[in-house]
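Have the viewer open and follow along.

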Amino acid sequence: MRILWFVLSPLMALAVGLFFLGLSRRFMARIQWRVGPPLYQPLIDILRQFTQKSVSHGPLFDLGVVLSLASSFIVVLFMPLGGTAPLSSSGGLLAVLYLMLLGPLGIALSGGEAANPNVSIGISRKLILAVGYEVPFLMIVLALMTYYGTISIGEIVAAQRESASAIASFPLVFSGIAYLLILPAMLGVRPFEVVGAAQEISSGPAAEYGGPYLALATIQHGLTMFIGISLFVNLLWGGASNPVVFFLKMLVVFAFGFWVNAAFPRLRVEQAVRYLWRWPTLIAFVGLILVATIGR
Amino acid sequence: MDRNQLMKWIKAPTKMAHKYSLNAVYFCTGCGVIEVPPTITSRWDAERFGVVPTATARQANLFLITGYVSVKTLRAIIRTYEQMPEPKYTVGFGSCTINGGMYWDSYNTINQLDKYIPIDGYIAGCMPRPEAIFVAVTHLWTLIDKDMADGYKRYRKNYAAYRANQEMILGEMEWPPIFQTEVATAITEREG
């Protein structure tokens, strides 16, 4: 059964990630009173990009994209997607925390080789934004690990199934609110779209990607969205007993994220960091203190 | 539009993907910049046909040049065109790209854009309405279907002639020829 999940969960992440990419375009179009592209438009785009010829800027340019994509797939293996996670016995949340940083790092390595100023600005913004949301995120994860006394995502999900889900229980509700506040930053959507700002820095780190590179970067973007949302569903909303319920829960969180995306304009990078280090950090810190003092 | 016909996708997936995923670089040289924003936003919504603006040339496969082209702009246009990954399609928007339009005797604009980069199709008018962009896109679909949108192949084949034309108007160009032809080799040798 576990062997099956090794194959199934990356495939599911890929399909759902691509579906989310298409749905986000459709969703935004409907909010703006447009018809919008068909749901399978990302598939057409990726097919087109894979059949285009593109230039490479060096070996690191090729390997960075692959590294980022591979690390995203490995993070997916740690997630119980409405079942058991394929890598549930090894590392858990701590490994996920490290591996999640490899995604942007791979893109940074790859883009650095291209020596395009827009790419460099995009990468520095990505790292600044990551510092912004990693602080509250670490506090949330710490609060969860302290509360449930485990680093395994599967055990956290199981513990939530016995009692209420974390976001509905008293001290952890603060962590849940803090996660919802940093979710747009983790997904990289507005108001935190500072990294891939198309009008400002020519889509940032992806500026030098064309053809197959862009296709891989698009898939990686879809996986990043999948990971950010599925972490919320697993850690704070009690996971799910089967993949279908899990997917429905993810859809609700996704709709919240893209509602924020449609409603707010883009912040400047220093405004984004100021926000992230003020309200989400404060709420996450209160949650952590409460968990540490009151406990279970 | 045959985007929903599964048999065509099975028969020629590449061609269909190139048809229905046109990521465009809009090169707004002066006029024409008014027509493009309504086309890509809520009023006309080009995204439902898969036509999306992109920020960089590397991600694009449709090059839309609107309005007159001055000599300075031509340099940027050529660079942008050469950076785009193949296959790539170009559309000239407005009379000025066809024959110079009302600027045909101006001292600093070029008259025929087709001399410098290959153009797959033109939209006539001064200025055309945004609907004309959709007409152009549907014509481009037909051309891609019939393998007639082969501007990038013509550029490769006749690169020497294009480069000579470019050098005639721009003088010294600060980047080497991108394709190795006999003339290109000669240029490289001349410049050492």
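How many residues does the contact take from chain B, and how many from chain A? In this predicted model, the contact takes 25 residues from chain A and 19 residues from chain B. Sorted by class, the chain B side that touches chain A has 8 polar, 6 nonpolar and 5 charged residues.

**The cores**

The largest nonpolar core holds 83 residues, and those with the most contacts inside it are A:I140, A:L144, A:I182 and A:F232. Its top contributor is helix α9 of chain A (residues 212-236), which gives 16 residues. Leaving aside residues up to four places away in sequence, A:I140 touches A:S175, A:A178, A:Y179 and A:A284. Apart from this core lies another, of 42 residues, with B:I117, B:I123, B:L140 and B:Y162 among them. As a general point, nonpolar side chains tend to be buried together in soluble globular proteins.

**A helix pair in chain B**

Helix α2 (residues 13-20) and helix α6 (residues 130-145), both of chain B, pack with their axes 10 Å apart and at an angle of about 165°. Angles over 145 degrees count as roughly antiparallel, so α2(B) is roughly antiparallel to α6(B). The contact is made by B:K15, B:H18 and B:K19 from α2(B), and by B:W141, B:I144 and B:D145 from α6(B). By class, that contact has 3 charged, 2 nonpolar and 1 polar residues. The crossing of α2(B) past α6(B) is right-handed.

**Backbone points to look at**

A:P191 is found in the loop between α7 and α8 of chain A, while B:P87 sits in the loop between α4 and β4 of chain B. A:S202 has its place in the loop between α8 and α9 of chain A, and B:D147 is in the loop between α6 and α7 of chain B.

Is A:S202 buried or exposed? A:S202 counts as buried because 23 C-beta neighbours lie inside 10 Å. B:D147 counts as exposed, with 9 C-beta neighbours inside 10 Å.

**One more residue in chain A**

A:V173 lies in helix α7 (residues 173-187) of chain A. A:V173 is partly exposed, with 16 other C-beta atoms within 10 Å. The C-alpha atoms of A:V173 and A:I283 are separated by 9.6 Å, and these two residues are 110 residues apart along the chain.

Conventions:
Residues are numbered from 1 along each chain as its sequence is written. Chains are lettered from A and ligands numbered from 1 in the order in which they are written. This is a predicted model: local features need pLDDT of at least 70, side-chain atom pairs count only at pLDDT 80 or more; totals for chains, interfaces and linings use all residues. Axes are lines fitted to C-alpha atoms, for helices over the stretch in contact, and angles run from 0 to 180 degrees between N-to-C directions. Helices (H or I, at least four residues) and strands (E, at least two) are DSSP runs, numbered from the N terminus. Angles under 35 degrees count as roughly parallel, over 145 as roughly antiparallel, 65 to 115 as roughly perpendicular and the rest as oblique. A crossing is left-handed if the near helix is turned anticlockwise from the far one by less than a right angle, and right-handed if clockwise. Two residues are in contact if their C-beta atoms, placed from the backbone, lie within 7 Å. Ala, Val, Leu, Ile, Met, Phe, Trp, Tyr, Cys and Pro count as nonpolar, Asp, Glu, Lys and Arg as charged, and the others, Gly among them, as polar. A residue is buried if 20 or more other C-beta atoms lie within 10 Å of its own, exposed if 12 or fewer, and partly exposed in between; C-beta atoms are placed from the backbone. A nonpolar core is a set of buried Ala, Val, Leu, Ile, Met, Phe, Trp, Tyr and Cys residues joined through C-beta atoms within 7 Å.
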